[in-house]
Amino acid sequence: MGKPTGFLEHGRELPQKIDPAERIKNNKEFVLNEEFGEKINDQASRCMDCGVPFCHNGCPIGNIIPEFNDAVYRDSWEEAWNILSSTNNFPEFTGRVCPAPCESACVLGINQDPITICNIEKTIVETAYREGYAKPKTPRTRTGKTVAIIGSGPAGLSAAEQLNSAGHSVTVFERDEKVGGLLRFGIPDFKLGMNIIDRKINLMAEAGVEFKVNQHIGVDVNAQQLRQEFDVVLLTGGSTVPRDLPVPGREHKGVYFAMQFLAQNNRRANDMDLKTEEIHAKGKHVVVIGGGDTGSDCVGTSNRHGAASITQVEIMPIPPEQRPVNMPWPQYPMIMRTSTSHEEGVDRHWNILTKEFIANDQGEVTGLRLADIVWDEPKAGERPNFKEVEGSERVIPCDMAFLAMGFLHPEPHGVLAQLDIALDERGNVATTGFATSQAGVFAAGDMRTGQSLVVRCINEGRECARAVDEYLMGGTNLEAKASSLMLSA
């Protein structure tokens, strides 16, 4: 513990952000982290190095948080990087897009504002790249074993780096023209720039990971071919089938899934082929259906397009401002959150039922019929029901709508069908541990668990890599999750 009185001397403070009116003029990151200076040491000094660091348990990858906070306080940045990178393959991603369940579990957060863990993490990794601490994880020897990874999202990439560091020859297959999956074609550039992804991919390539793009396994290449050519096939294709909205008028022009919009905008911002019809919100009355992070990303992107208005609706009730009694510390609470995209301008509504898309004679959406609802108090063991508020039905302007209601499961055709992979009752890949129903075929990430967080997918990839390494070698020396080691000690 670097400074026992740090949490008494300093309050929680984060870097300033570029004013919303300015930052929506481009797709660049807008948090002024470089100008924060020595304040980051003060923020790290607030960590109390708790006897039982609940932040470890809150973090899905078990980051060793008090230790790297202490190193930052002491200006020992290489030490901080070594601690952070021992458990997290991609702190450059999580420091930017993680919702920080570690901060919700921070002991200081019981009666004060928690430690700024995510921003400290981001500062460590940016310092590591600037000072040359971030280096390729090149193995000392090769095992002669080969692994094919289908999908280059966070689960596939973390598994690839771990398995390569263990000495296996790893090839990552990606159906798009660049590596990154959801990281590149789902998260807006103003939250995670493609240059941040590319510099990490370059390090992995230097370490020996082979990347093959424009390789749609299950379409361009039969998955059975990979099964014959590689010792192990690892499926990390994600949960990519979006939840649809089966209401009248859904077929009208101007109604899109959120990922159609977000992926295309990332392509546009980086001078890439759009691949599909142009979806642009300039001058449109935009309605975003869904109140989660993906919906928030649609709001921020629509603001950058210059939408005439943006309305975000959610069928669920408005969350409470403070931690509810049924979600006590150290749980991650479902509370009202205002994202940076919301700060830029949006009209938000809860308890809203979407009933019908209205269109003109050309089949172009022009309005959205809505109604207010109230939720019943559910009986024990039963799902809650709602009823429509009488007289609340109305039509609001809507030239463009984005469905941001989550994802159902992976695509069942293609790879999964060709390999005859068993699915569970939700349509995800059924596994025992990480092993699928087919010998030598493993699965990790959203494809196995259903949609989740980037940080959870990183953990999925790391833990699956241990299972694959043990399958190939009869044992594994790859790092276990730090919190798991602590619990078993």
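Visitor: Which helix gives the most to the lining of the largest cavity?

Guide: Helix H5 does, with three residues. A cavity is a set of points on a 1 Å grid over the protein atoms alone where a 1.4 Å probe fits but cannot get out, and its lining residues have an atom within 4 Å of a point. This is a predicted model, in which local features need pLDDT of at least 70 and side-chain atom pairs count only at pLDDT 80 or more, while totals for chains, interfaces and linings use all residues. Residues are numbered from 1 along each chain as its sequence is written, and side-chain values use heavy atoms, without hydrogens and water.

Visitor: Where do H4 and H5 sit?

Guide: H4 spans 54-58 and H5 spans 65-73; each supplies at least two residues of that lining. Helices (H or I, at least four residues) and strands (E, at least two) are DSSP runs, numbered from the N terminus.

Visitor: What about the second largest cavity, which helix leads there?

Guide: H9 gives the largest share of its lining, three residues. The lining includes Cys59, Ile117, Glu121 and Val455.

Visitor: New topic: is Ala401 buried or exposed?

Guide: Ala401 is buried (under 20% relative accessible area, with a 1.4 Å probe and protein chains only). The value for Ala401 is 0%, and this residue belongs to strand E14, residues 400-403.

Visitor: Which residues does Ala401 touch?

Guide: Leaving aside residues up to four places away in sequence, Ala401 is in contact (heavy atoms within 4.5 Å) with Gly254, Val255, Tyr256, Val287 and Phe357.

Visitor: And how far is Ala401 from Thr146?

Guide: The two are 45 Å apart in space, C-alpha to C-alpha, and 255 residues apart in sequence.

Key: Buried < 20%, exposed > 50% of the residue type's maximum accessible area, 1.4 Å probe, protein only. 1 Å grid on protein atoms, 1.4 Å probe; cavity = no way out; pocket = protein on both sides within 12 Å on 5 of 7 lines; lining within 4 Å.
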